[in-house]
Amino acid sequence: MLASHMYRHLSGHAHSGSLSVLQTQQAIVRNEAEHLISPSINTLKILAANMIHEYTELFSEGQPVLKESGASTFVDIWI
């Protein structure tokens, strides 16, 4: 269910209509692009953190790698 909602949300960016394209072009001119993309980037960070967490729970040999790489901080912040 979450995947279905996320697909609908993110596909709106990938398959945008002419009005969305115009708004994005105007935002780039006004240096507002960061505000437009920030919610999608944060959503992807949450998804990535959850995928990493679930992977290391499923495959315990990944847990030391997660801790040694410092990525556990990323996972802890975004879960």
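This is a predicted model: local features need pLDDT of at least 70, side-chain atom pairs count only at pLDDT 80 or more; totals for chains, interfaces and linings use all residues.
One aromatic pair is present in the structure, where rings of Phe, Tyr and Trp (its six-membered ring) are taken to pair if their centres lie within 6.5 Å. The partners are Y55 and F59, whose ring centres are 4.9 Å apart and whose planes meet at 45°, so the pair is tilted; planes under 30 degrees apart would count as stacked and those over 60 as edge-to-face, with the rest being tilted. F59 itself is partly exposed, at a relative accessible area of 36% (buried means under 20%, exposed over 50%, and partly exposed in between, with a 1.4 Å probe and protein chains only).

Residues are numbered from 1 along each chain as its sequence is written, and side-chain values use heavy atoms, with hydrogens and water left out.

The protein chain has five helices and zero strands, giving the pattern α-α-α-α-α along the sequence; these elements are DSSP runs numbered from the N terminus, with helices (H or I) of at least four residues and strands (E) of at least two. Of its 79 residues, 14% count as buried. The accessible surface of the chain comes to about 6300 Å², and carbon and sulfur atoms account for 62% of that area, as computed by the Shrake-Rupley method with a 1.4 Å probe, where for residues only the protein chains shown count as cover. Among contacts (heavy atoms within 4.5 Å) between residues at least 6 apart in sequence, 56% join residues at least 24 apart.

Helix α5, spanning residues 71-78, includes S72, and F74 and W78 also lie in this helix. W78 is partly exposed, with 24% relative accessibility. Not counting residues up to four places away in sequence, W78 touches N42, K45, I46, A49 and N50. The C-alpha atoms of W78 and N42 are 8.5 Å apart, although 36 residues separate the two along the chain. F74, at 28% relative accessibility, is likewise classed as partly exposed. With neighbours within four places set aside, F74 is in contact with K45, A48, A49 and I52. K45 is 29 residues from F74 in sequence, and their C-alpha atoms are 8.6 Å apart in space.

S72 counts as buried, at 18% relative accessibility. Its contacts, leaving out neighbours within four places in sequence, are with L66 and K67. Between the C-alpha atoms of S72 and I52, which are 20 residues apart along the chain, the separation is 9.0 Å.

T56 belongs to helix α3 and is buried, with a relative accessible area of 6%.

Helix α3 covers residues 33-58 and also holds I37, which is partly exposed at 48% relative accessibility. Together with I41 and L44, I37 forms a nonpolar patch on the surface, and the three share about 250 Å² of accessible area. Patches are made of residues with over 30% relative accessible area and no salt bridge, with like charges joined within 9 Å and nonpolar side chains (Val, Leu, Ile, Met, Phe, Trp, Tyr) within 5 Å; a salt bridge is a side-chain nitrogen of Lys or Arg within 4 Å of a carboxyl oxygen of Asp or Glu.
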